[in-house]
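Please open the structure in your viewer and keep the selection tool ready. The tour goes from the whole chain to single residues.

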Amino acid sequence: MNNFDKTKTSLPETGTCIKTIELKNGQPLILTDRSRKISDDAYIVIMQATMEIKITPDLFASEPLSGVTLDQIRDTLGETVIYEYRLERNFILNHEKDEVLASLVDTFMKNMEQYISHPRFAPKLVLKQYNDRK
């Protein structure tokens with residue numbers, strides 16, 4: 001299951017942090033193991049990538065606002081926007097869990113790192129969320 005471009009108002013409260021990465025655009029990316037046991041010998045393996053984007057004037061330095069103010073965005077979205085992406089694999093045997101989780105992290109980083117670390121990603125995501133709520 002892939003949930004792309006999903007935003008929330010707060011960071012996840014459960015799971016084990018695998019690692020935190022400072023992306024090229026200055027945004028921190030948190031990779032979390034949200035796996036859970038579904039039977040005596042199997043897991044649903046869940047890798048979650050989360051980015052908390054603070055809505056500041058610096059965010060829009062390379063992506064100028066037009067027709068909207070920073071205060072309007074903050075009034076609508078709050079002080080931050082949360083980007084979340086999940087990869088899941090169901091019914092993974094206990095002895096395969098760590099290997100599958102590592103594979104999910106590698107797949108995510110290979111496929112998404114360049115995209116989410118682009119300087120325009122965070123401001124475009126914030127503007128998209130603002131426009132979606134308006």
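The stops below say what to select and what is there.

**Before starting.** This is a predicted model, in which local features need pLDDT of at least 70 and side-chain atom pairs count only at pLDDT 80 or more, while totals for chains, interfaces and linings use all residues. Residues are numbered from 1 along each chain as its sequence is written, and side-chain values use heavy atoms, with hydrogens and water left out.

**The whole protein.** Show the cartoon: the protein has three helices and six strands. Helices (H or I, at least four residues) and strands (E, at least two) are DSSP runs, numbered from the N terminus. Followed from the N terminus, the order is β-β-β-β-β-α-β-α-α. The C-alpha trace spans about 55 × 25 × 20 Å along its principal axes.

Of the 134 residues, 44% are buried. Buried means under 20% relative accessible area, exposed over 50%, and partly exposed in between (1.4 Å probe, protein chains only). Contact means heavy atoms within 4.5 Å. Among contacts between residues at least 6 apart in sequence, 70% join residues at least 24 apart.

**Strands E4 and E5.** Select residues 36-39 for E4 and 42-54 for E5. These strands run antiparallel and are joined by three bridges; strands count as paired if DSSP finds at least two bridges between them. E4 and E5 form a hairpin with two residues between them. Within the pair, Lys37 stands opposite Tyr43 in E5.

**Gln27.** Next select Gln27, in the loop between strand E2 (16-22) and strand E3 (28-33). Is Gln27 buried or exposed? Gln27 counts as buried because its relative accessibility is 11%. Leaving aside residues up to four places away in sequence, Gln27 touches Ile21, Glu22, Met51, Glu52, Ile53, Leu59 and Ala122.

**Helix H3.** Ala122 is also one of the buried residues of H3. Select residues 121-133 to see this helix. Its buried residues are Phe121, Ala122, Pro123, Leu125, Val126, Leu127, Gln129 and Tyr130. The expected span of a helix is 1.5 Å times one less than its number of residues. For the 13 residues of H3 that gives 18 Å, and the end C-alpha atoms are 18 Å apart, so the two agree.

**Glu99.** Finish in helix H2 (residues 97-116), where Glu99 has its place. Glu99 counts as exposed because its relative accessibility is 66%. Draw a line from the C-alpha atom of Glu99 to that of Asn131: the two residues are 32 apart along the chain, and the separation is 40 Å.
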